[in-house]
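Student: I am new to this structure and would like to go through its side-chain contacts step by step. Could we look at it together?

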Amino acid sequence: MNEIAQTLNHQIQQENPYVYELLSTLGKNLFYPKGILTQTAEAKQQAYRFNATIGIATEKDQPMFLPLIQDTLSNYEPKDLYPYAPPAGKPELRQLWREKMLIENPSLKDKSFSNPIVTNALTHGLSIISDLFIDANDPLVLPDKLWGNYNFIFGVRRGAKTVTFPFYTEEGTLNTTGMKEALLSKKDHGKAVLLLNFPNNPTGYTPTELEATEIVEALKEVADQGMNLVVISDDAYFGLFYEDSIQESLFGRISSIHPRILAIKVDGATKEEYLWGFRVGFITYGSEFPAVLDALEKKTLGILRGTISSASHPAQTFVLTALKSTEFQTQRLQKFEILKKRACKVKQILDHGDYNDAWDYYPFNSGYFMCLKLKGVDAEALRVHLLEQYGVGVISLGESDIRVAFSCVEEEELKDLFDLIYQGYQDLAK
């Protein structure tokens, strides 16, 4: 049991042991993790210079947004705002999201997959998948560069046993061999859930064409050896592909490649349409068997009905309006170009060599983030020092890694940001 959970349980026992006895097993295991959100909360209070922590994009000191959404917020019919939405989501929204997926993911052509089901953003979608497919001690396989909330969603809530593999090889490529070995290490269990997040949070990396092919072939080999696999594509940052990488989700390439493999895509409007607070996500199942798709949709609706009942109707309406607008692609491309320029600027700054004594950086080609690998300075100590001395907020991950959200920093200010991080490093390295 997590130490924070134990502390909370002790608090309750000290004050009223009867309340503790009322808690379920899950209730006793629950806690609020000291992860990215805690670090972000500290940065909001102290990062007066740069706040490169949270996974949103900003522009001119405010959240980035599409004008077609902002300009029309008061122009909706009551019928599109106030009634309950259907549990699976607005039918027209589901259909348009499906059509969008087909356009943006060529590998989905001629593949059989469900209509997307609306969730309360991606975290909720992942939670639903966890409820459907994880029992206590089932293996969850994922790379060691990961979003910390996965442990809470799959581990604390459902009791999954996490199996990690090194995300990168020593050459800086995606470690598909390590992925296959991690899966096969649980062969005796008979099943595993594999979670792949591209563009990756925290590293900002997406596979190349060769690496994507290697992933698919490795999954086939594992399935041929008798393992049943749930393969989740967490596509939170879908579409933000800047350099040498595949330009689509792995979901299309994995769907229906083997009867022992169930492909699931979790995505949403939060990052793709710059609507983080609107909380609109989707779950899509890939299977060549129509009856399987129908049954999985009904089971998902059962979880929706038993938890949130249905997602926000106004938020779905706003997303639907955006998808139908002739300005949607133009405005989204404008924001994409801003983020791409920031990513390229970061790489240019780091490749200049001014900071080589302080850190290396992990390969990145997409998304909101990149990661520094510090040399000889503790990541958490540097994070706190930067916050307290320079008003700079970053995220510490483990002993040596610092995540920097370039999505939150204007292009012309990025050099100042890294100069301050370097200054903080030098302070601690003395």
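Tutor: Before we start, a residue is called buried under 20% relative accessible area, exposed over 50%, and partly exposed in between. Please keep in mind that this is a predicted model.

Student: Is Glu297 buried, partly exposed or exposed?

Tutor: The relative accessible area of Glu297 is 21%. Since buried means under 20% and exposed means over 50%, a value in between has its own class, and therefore Glu297 is partly exposed.

Student: Which residue forms a salt bridge with Glu297?

Tutor: Side chains of opposite charge can pair when their charged atoms come close. For Glu297, the closest N and O atoms of the salt bridge are 3.3 Å apart, and the partner is Arg94. This pair links distant parts of the chain, with Glu297 in helix α13 and Arg94 in helix α6, 203 residues apart. At 10% relative accessibility the partner counts as buried, and its name is Arg94.

Student: How many salt bridges does a search of the whole structure find?

Tutor: One of them is the salt bridge where the side chains of Lys90 and Asp80 meet, at 3.5 Å from N to O. Lys90 and Asp80 each lie in the loop between α5 and α6, so the pair ties together parts that are ten residues apart in sequence. A search of the whole structure gives a count of salt bridges that comes to 27.

Student: Where does Glu209, which meets Arg253 in a salt bridge, lie?

Tutor: The side chains of Arg253 and Glu209 meet at 3.1 Å, N to O. Arg253 is in helix α11 (residues 250-254), and its partner, 44 residues apart from it, is in helix α10. At 18% relative accessibility Arg253 counts as buried, whereas Glu209, at 44%, counts as partly exposed. The element that holds Glu209 is helix α10.

Student: Are the rings of Phe113 and Phe251 stacked or edge-to-face?

Tutor: Phe113 lies in the loop between α6 and β4 and Phe251 in helix α11, so their pair ties together parts that are 138 residues apart in sequence. Phe113 is buried at 5% relative accessibility, and Phe251 is buried with a relative accessible area of 1%. The ring centres are 6.5 Å apart and the planes stand at 90°, so the pair is edge-to-face.

Student: Which ring does the charged end of Lys100 sit over?

Tutor: Lys100 also belongs to a network of salt bridges that share partners, together with Glu104, Glu272 and Arg332. Its charged end lies 4.2 Å from the centre of a ring, and that ring belongs to Trp97.

Key
Residues are numbered from 1 along each chain as its sequence is written. This is a predicted model: local features need pLDDT of at least 70, side-chain atom pairs count only at pLDDT 80 or more; totals for chains, interfaces and linings use all residues. Side-chain values use heavy atoms; hydrogens and water are left out. A salt bridge is a side-chain nitrogen of Lys or Arg within 4 Å of a carboxyl oxygen of Asp or Glu. Helices (H or I, at least four residues) and strands (E, at least two) are DSSP runs, numbered from the N terminus. Buried means under 20% relative accessible area, exposed over 50%, partly exposed in between (1.4 Å probe, protein chains only). Rings of Phe, Tyr and Trp (its six-membered ring) pair if their centres lie within 6.5 Å; planes under 30 degrees apart count as stacked, over 60 as edge-to-face and the rest as tilted. A charge sits over a ring if NZ of Lys or CZ of Arg is within 6 Å of the ring centre and within 35 degrees of the ring normal.
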